[in-house]
Amino acid sequence: MTPLTRLHHSIFTEKNIQVWIKREELNHPVIQGNKLYKLQQNLSYAKQHKKSPLISFGGPFSNHIAALAAAGKEFQVPTIGFIRGDELKNHPEKWSHTLVTAEDNGMQLQFLDRQTYRQKDQANFQNQLKATYPNGYILPEGGTNVLAIQGFKPLTEELEQQINWDYLFCAVGTGGTLAGLIQNSQYQNKRQLIGIASLKGAKFLNQAVEQWLDTAKPLNDWQIELDFHGGGYGKTNHEIKACQNWFESEFKIQLDPVYNNKMVFAFMQMLQQGRVKQGAKVVLLHTGGLQGNPTSRL
Ligand SMILES: *Cc1c(COP(=O)(O)O)cnc(C)c1O
């Protein structure tokens, strides 16, 4: 069980709220954060059906690729990562820490030019892939699928044992994690889940999340905040950086520079805007992403 750390600060006392951070960055050194939950059931399925290799897609800094490569090593299953950007192909000196580590963990890296990469989910590309690897197990970019979403059940149950929360904040990339939390968390009429989009212009995420939800059971209220992307995916701005620095030095908890920095920033902004109800118990979900930072800053 990962810790649920209480964050004490006068800002929170003044607003009459209580704040915790759920430390999923500590759940595994490399298969870290939300990616562990997204992979778990997929790995069991692949193992049970003797599927091999595990195949997926990602950019050079993809936490999903890092997690999949590490999982392949741990469970001794071959992995193949299709990486965006063929300019990296013959230039390992330009590889990110994520790619170097993925290859060290035994992942076979194949670089795709951007145009081909964009077509990776289309039938043509997928059929070709299935023909090449008839026994392979293909995971989409970011790892979001039905089993990934079901994989958040243990996390929501663990959190339920630790606290009866009113607000649950989490970072959003594909929306798989948010969908998993909405789908699996216990329903209470006062509860709210708030996802913070890391991407710019991510309105489509509302539908993307909705399509994963099974509305046969009552679901907690949820929303996705679209205005805290700080310039777009992988980008940031002065305000977000300042907030991250403040948070890290105040609480001695490191945030990743792509997702959790924006999640915390959004929470602090929404708090200042009076958008968090008095008396509320707030949980910030730390979704990890620190394995891409070779040198910890704290
Ligand atoms: C991948 C990732 C996310 C986004 O998860 P989705 O399920 O794609 O929305 C958030 N935080 C971290 C640290 C991640 O690596």
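This is a predicted model: local features need pLDDT of at least 70, side-chain atom pairs count only at pLDDT 80 or more; totals for chains, interfaces and linings use all residues.
User: Which atoms of threonine 174 and glycine 175 lie by a ligand oxygen, and at what distance?

Analyst: For threonine 174, a polar side-chain atom lies 2.6 Å from an oxygen atom of the ligand. For glycine 175, a backbone N or O atom lies 2.9 Å from a ligand oxygen. On its own the ligand has 380 Å² of accessible area (Shrake-Rupley, 1.4 Å probe; for residues, only the protein chains shown count as cover), and the protein covers 98% of this area.

User: How many residues surround the ligand, and which are the closest?

Analyst: There are 16, counted by having a heavy atom within 4 Å of the ligand. The closest are Lys35, Lys38, Asn63, Thr174 and Thr287.

User: Why is asparagine 261 called buried?

Analyst: Its relative accessible area is 1%, and buried means under 20% (exposed is over 50%, partly exposed in between; 1.4 Å probe, protein chains only), so asparagine 261 is buried. This residue lies in helix α12, residues 260-272; helices are DSSP runs of H or I with at least four residues, strands are E runs of at least two, and both are numbered from the N terminus. Asparagine 261 touches Thr236, Ile240, Gln244, Leu255 and Asp256, beyond residues up to four places away in sequence (contact: heavy atoms within 4.5 Å). A polar atom of its side chain also lies 3.0 Å from the backbone oxygen of proline 257.

User: Is proline 60 buried or exposed, and how do you know?

Analyst: Proline 60 has 16% relative accessibility, so it falls on the buried side of the cut-off. Its place is the loop between β3 (54-58) and α3 (63-75). Among its contacts, leaving aside neighbours within four places in sequence, are Ile83, Arg84 and Leu99.

User: How do you know that β7 and β8 pair, and in which sense?

Analyst: Two strands pair if DSSP finds at least two bridges between them. Strands β7 (residues 167-172) and β8 (residues 192-197) have 6 bridges, in the parallel sense, so they pair.

User: What makes β7, α9 and β8 a right-handed unit?

Analyst: With the strands pointing away from the viewer, a right-handed path from the first strand over the helix to the second runs clockwise, and the β-α-β unit of β7, helix α9 (residues 176-184) and β8 has that hand.

User: Why is β10 described as largely enclosed?

Analyst: Because 5 of the 6 residues of β10 are buried, the rest of the structure largely encloses this strand. β10 (residues 281-286) pairs in the parallel sense with β7 over 3 bridges, and with β2 (residues 18-23) over 6 bridges.

How values were computed: Residues are numbered from 1 along each chain as its sequence is written. Side-chain values use heavy atoms; hydrogens and water are left out. A polar contact is a pair of N or O atoms within 3.5 Å; within protein, one must be able to donate a hydrogen and the other to accept it, and residues adjacent in sequence count only if both atoms are side-chain atoms.
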